Amino acid sequence: MSKDDLTVETAEAPAKAPYSDPPPAPLLGTSELGKWSLYRALIAEFMATLIFLYVSVATVIGYKSQSTGQACTGVGFLGVAWAFGATIFVLVYCIGGVSGTSCHFSMNTHILMNKHVWGHINPAVTFGLFIGRKLSLVRTVLYIVAQCLGAICGAGIVKGIMKHPYNSLGGGANTVAEGYSIGGALAAEIVGTFILVHTVFSATDPKRTARDSFIPVLVPLPIGFAVFIVHLATIPITGTGINPARSLGAAVLYNQHEAWKDHVRINLAPTVFDFVYTQWIFWVGPLIGAFVAAVYHKLVLRGEAAKALGSFRGTSASTV
């Protein structure tokens, strides 16, 4: 092979797509209230969470119903975990370009940029992305509201279709299993949500999406698998929350003392009103896990802590 041939082949070798980090989202983002894209995203989040609750809770009820009649039947923990993970994979892929755009190529700068992230379907994911400055406060709050409403409606559909087994088999609500403490269950929710949100940040990282933009399935696939493996680990402990909307929707429709007693419990005027039961393990745990994952990704994996320290040292040296 001649030198000219080598030169031609080298020139024709595909170059890596350049990328650029998008600017941080505005803190409030009130200007988004006048944009149709926001409301389209809210509808997508509502519908996706509705579908997620319908499939996942129906799978849980179906498994319990089958295993109650005859031991070792039904899909088992593995099938339940797969139902959750596979549904998230499908839904994140379906609404990725609506409630969170993946990436776009700027014709002006010839740089592949990552604007938002893919579908959330989870208030903890939305909160983590807000901490990471990927979302504005307005979009974050509205996303969480849409997700919770969608979860309640999805669980309501399951209850309407499977009313008797739904009421008799726990309604798919998250509770702390016997033999586990409240602290242990809270830790399981924190760690499980950390794994999920850490995966979301890694899968939607601008550098990674620039490199893998020609294979869009590579974003929702690891997120779905993260949900799958976390369910395998924590179903025996809490039934696996890691998604406050999922826990809230099932608990609201089941509406039994057992479903609420392991959620946030606040003692108010015990002589008149013993306890006000609101969710806390399945809200506080996921939100803490999401916060830690966001901080870990920004400060450690993206090196922002080292950059800030280096900038501080450089400024200090120049002023001496």
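**Exercise 1. State which spans the UniProt record lists as "transmembrane region", and describe two of them in the predicted model.**

The unreviewed UniProt entry lists residues 38-63, 75-98, 142-162, 182-201, 213-237 and 280-301 under this name; such annotations may be inferred rather than shown by experiment. The model is predicted, with local features needing pLDDT of at least 70 and side-chain atom pairs counting only at pLDDT 80 or more, while totals for chains, interfaces and linings use all residues. Residues are numbered from 1 along each chain as its sequence is written, and side-chain values use heavy atoms, with hydrogens and water left out.

Step 1. Residues 38-63 are 100% helix and 0% strand, and their end C-alpha atoms are 37 Å apart. Helices (H or I, at least four residues) and strands (E, at least two) are DSSP runs, numbered from the N terminus.

Step 2. For residues 142-162 the end-to-end C-alpha distance is 30 Å, with 95% helix and 0% strand.

**Exercise 2. Determine how helix 3 and helix 9 are oriented, and which residues join them.**

Step 1. Helix 3 (residues 76-95) and helix 9 (residues 220-238) have axes that come within 8 Å and cross at roughly 155°. Axes are lines fitted to C-alpha atoms, for helices over the stretch in contact, and angles run from 0 to 180 degrees between N-to-C directions.

Step 2. The pair is therefore roughly antiparallel (angles under 35 degrees count as roughly parallel, over 145 as roughly antiparallel, 65 to 115 as roughly perpendicular and the rest as oblique).

Step 3. Contacting residues (heavy atoms within 4.5 Å) include F77, W82 and F89 of helix 3 and F225, F228 and H231 of helix 9.

Step 4. By class, this contact has 19 nonpolar, three polar and no charged residues (Ala, Val, Leu, Ile, Met, Phe, Trp, Tyr, Cys and Pro count as nonpolar, Asp, Glu, Lys and Arg as charged, and the others, Gly among them, as polar).

**Exercise 3. Describe the packing of helix 10 against helix 5 and against helix 12.**

Step 1. Helix 5 (residues 137-161) packs on helix 10 (residues 244-254) at about 45°, with axes 8 Å apart. Helix 5 and helix 10 are therefore oblique to each other.

Step 2. Among the residues in this contact are A151, A155 and K159 of helix 5 and R246, G249 and L253 of helix 10. The classes are nine nonpolar, three polar and two charged residues.

Step 3. Helix 10 and helix 12 (residues 281-301) pack at about 175°, their axes 9 Å apart, and are therefore roughly antiparallel.

Step 4. P244, S247 and L248 of helix 10 meet F282, W283 and P286 of helix 12. Five of these residues are nonpolar, one is polar and none is charged.

**Exercise 4. Identify where confidence is highest and lowest in the protein chain.**

Step 1. The mean pLDDT (the predictor's confidence in each residue, from 0 to 100) is 78, and 69% of residues reach 70 or more.

Step 2. Helix 4 (residues 123-131) is highest, at a mean of 95, and strand 5 (residues 276-277) lowest, at 38.

Step 3. Residues 264-278 have pLDDT below 50, with 26 contacts beyond near neighbours in sequence. Where pLDDT is low, the predicted coordinates should not be read in detail.
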